[in-house]
Amino acid sequence: MRRLDHRPKIFEWWYFRKYGTSFIEQVSVSHLRPLLGGVDNNSPNNSNTSNGDSDSNRQSVSECKVWRNPLNLFRGAEYNRYTWVTGREPLTYYDMNLSAQDHQTFFTCDTDHLRPADASKQMNSCQEVMQKAWRERNPQARISAAHEALELNECATAYILLAEEEATTIVEAEKLFKQALKAGEGCYRRSQQLQHHGAQYEAQHRRDTNVLVYIKRRLAMCARKLGRTREAVKMMRDLMKEFPLLSMFNIHENLLEALLELQAYADVQAVLAKYDDISLPKSATICYTAALLKARAVSDKFSPEAASRRGLSTAEMNAVEAIHRAVEFNPHVPKYLLEMKSLILPPEHILKRGDSEAIAYAFFHLQHWKRVEGALNLLHCTWEGTFRMIPYPLEKGHLFYPYPICTETADRELLPSFHEVSVYPKKELPFFILFTAGLCSFTAMLALLTHQFPELMGVFAKAFLSTLFAPLNFVMEKVESILPSSLWHQLTRI
């Protein structure tokens with residue numbers, strides 16, 4: 001009777017118990033599927049990360065999720081001005097459609113048509129008009145609907161729409177947001193008193209909270225754009241203290257940018273210490289700001305020639321490692337910071353680790369890197385070393401989850417057509433390796449053809465050799481005709 005070998009089954013059982021997936025499935029997903037062009041959104045976490053960034057691994061399920069840009073511009077006061085000057089549309093339809101969905105999620109709720117009995121009919125009509133306004137595709141139709149809502153009642157979301165899309169300057173937008181704040185605070189206080197009285201009140205309070213946070217954040221951004229940076233910092237800090245659980249808005253990224261403008265590097269480090277944590281998701285702002293602070297300590301005296309002679313000091317090594325960490329998270333940022341590629345206006349949504357996030361970060365933070373003496377020089381000298389440390393960037397991560405291969409497609413939908421989308425900088429092989437591989441392949445092909453068709457290959461070899469030596473035979477005949485016969489015989493004997 002044939003004896004069965006259970007060793008493969010035992011190995012498969014042990015691998016499944018240790019890693020939570022079968023060995024065959026792991027090989028298929030990690031190695032074969034990328035070669036076939038597939039994208040896996042449910043791959044297991046990489047348990048071998050060297051810095052414990054398990055949060056990046058947990059994000060693998062949503063590796064190509066699109067996020068609201070924390071530093072997005074104003075449509076009326078900034079994006080439209082670009083269109084007036086250049087004739088180009090800085091926002092894609094896909095990007096604006098995502099914003100419309102965000103507005104409907106944040107500024108409306110399902111119970112708007114079920115207002116309490118003591119509420120006025122005007123407020124009910126106002127919310128219904130704004131529900132239709134956020135769904136309108138035509139900008140003028142949205143603006144007209146917002147004015148119609150204001151004729152019925154003081155509506156905070158109507159002021160928001162006008163501040164975002166009708167105001168042509170930041171000063172006008174700030175005035176409208178202040179009016180929105182007055183109306184929004186009233187709605188927030190009323191819904192706060194009733195929030196525990198039922199599901200519909202909970203939904204209304206959640207909506208009013210989103211409206212209030214959005215208005216205060218936009219007012220802080222207006223103050224930052226108008227040069228009142230310290231006032232903007234205070235408004236952002238107060239907002240984060242008042243609503244500490246609303247981390248999804250990423251207000252700390254606005255705060256980091258404003259603190260860098262004030263050159264308050266100690267405060268920047270304090271914010272990073274709180275948000276650059278293993279349990280929190282990363283972003284280009286977090287990673288590159290940490291790298292900038294590390295580079296600031298050594299960049300003014302850094303010299304690549306001196307470093308190659310004496311080696312890197314501890315502080316320089318920390319700065320280089322921070323740069324490598326940032327570049328691994330988003331490899332597109334350095335080309336914008338080093339001005340190797342021209343910037344465009346950032347989109348309203350970004351893809352983390354993608355070109356859209358790199359544009360949004362560099363658009364606001366390039367000036368901060370320029371302000372630190374030698375920081376861009378240190379970045380220029382060290383950032384490309386990351387790709388020598390990660391030989392297979394699409395399959396293997398050093399500090400983070402492997403770089404997703406779907407970012408290019410998503411970025412092409414987020415960014416305008418006149419912009420050349422950056423792709424993951426592929427690691428180029430040396431010429432010697434390519435030449436050797438080509439020579440070996442050619443030799444193997446010749447050997448195979450000679451084995452299969454010896455007579456035909458012999459004919460080809462004779463024809464090739466005769467063609468190759470034809471110029472030499474021609475030269476020899478010319479030399480023989482010119483030289484004396486005695487001298488020619490002596491040369492041929494030699």
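Buried means under 20% relative accessible area. Arg325 has a relative accessible area of 14%, so Arg325 is buried. This is a predicted model.

The side chain of Arg325 forms a salt bridge with that of Asp276, at 2.8 Å from N to O. The two residues are 49 residues apart and link distant parts of the chain. Arg325 sits in helix 16 (residues 314–329), while Asp276 sits in the loop between helix 13 (265–275) and helix 14 (284–296). Asp276 also meets Lys282 in a salt bridge, here at 4.0 Å from N to O. Lys282 is buried, at 1% relative accessible area. Asp276 is partly exposed, because its relative accessible area is 24%.

## Other salt bridges

The whole structure holds 18 salt bridges. One of them joins the side chains of Asp238 and Lys234, at 2.9 Å from N to O. Both residues belong to helix 11 (residues 229–242). They are four residues apart, so about one helical turn separates them. Asp238 is partly exposed at 34% relative accessibility. Lys234 is exposed, with a relative accessible area of 52%.

Salt bridges can also link up into a network. Arg75, Arg142, Glu165 and Glu348 are connected in this way.

Asp102 lies in helix 5 (residues 93–107). Is Asp102 buried or exposed? Asp102 is buried, because its relative accessible area is 18%.

The side chain of Asp102 makes a polar contact with the side chain of His349, at 2.5 Å. Setting aside neighbours within four places in sequence, Asp102 is in contact with Arg68 and His349.

## Aromatic pairs

A pair of aromatic rings is described by the distance of the centres and the angle of the planes. The whole structure contains six aromatic pairs. In one of them, the ring centres of Phe107 and Tyr214 are 5.1 Å apart. Their planes stand at 80°, so the pair is edge-to-face. Phe107 is in helix 5 and Tyr214 in helix 10 (residues 199–225). The pair links distant parts of the chain, 107 residues apart. Phe107 is buried at 1% relative accessibility. Tyr214 is buried at 10%.

Tyr188 and Phe243 form another edge-to-face pair, with ring centres 6.1 Å apart and planes at 75°. This pair, too, links distant parts of the chain. Tyr188 is in helix 9 (residues 170–194). Phe243 is in the loop between helix 11 and helix 12 (251–261), and the two are 55 residues apart. Both Tyr188 and Phe243 are buried. There is also a cluster: Phe107, Trp134 and Tyr214 form one aromatic cluster.

## A nonpolar surface patch

Which residues form a nonpolar patch on the surface? They are Phe442, Met445, Leu446, Leu449, Phe453, Leu456 and Phe460. Together they have about 660 Å² of accessible area. Helix 22 (431–452) and helix 23 (454–482) are the elements that give two or more residues to the patch. The largest share, four residues, comes from helix 22.

Leu456 lies in helix 23. Leu456 counts as partly exposed, because its relative accessibility is 47%.

Key:
Residues are numbered from 1 along each chain as its sequence is written. This is a predicted model: local features need pLDDT of at least 70, side-chain atom pairs count only at pLDDT 80 or more; totals for chains, interfaces and linings use all residues. Side-chain values use heavy atoms; hydrogens and water are left out. Patches are made of residues with over 30% relative accessible area and no salt bridge: like charges are joined within 9 Å, nonpolar side chains (Val, Leu, Ile, Met, Phe, Trp, Tyr) within 5 Å. Accessible areas come from the Shrake-Rupley method with a 1.4 Å probe; for residues, only the protein chains shown count as cover. Buried means under 20% relative accessible area, exposed over 50%, partly exposed in between (1.4 Å probe, protein chains only). A polar contact is a pair of N or O atoms within 3.5 Å; within protein, one must be able to donate a hydrogen and the other to accept it, and residues adjacent in sequence count only if both atoms are side-chain atoms. Contact means heavy atoms within 4.5 Å. Rings of Phe, Tyr and Trp (its six-membered ring) pair if their centres lie within 6.5 Å; planes under 30 degrees apart count as stacked, over 60 as edge-to-face and the rest as tilted.
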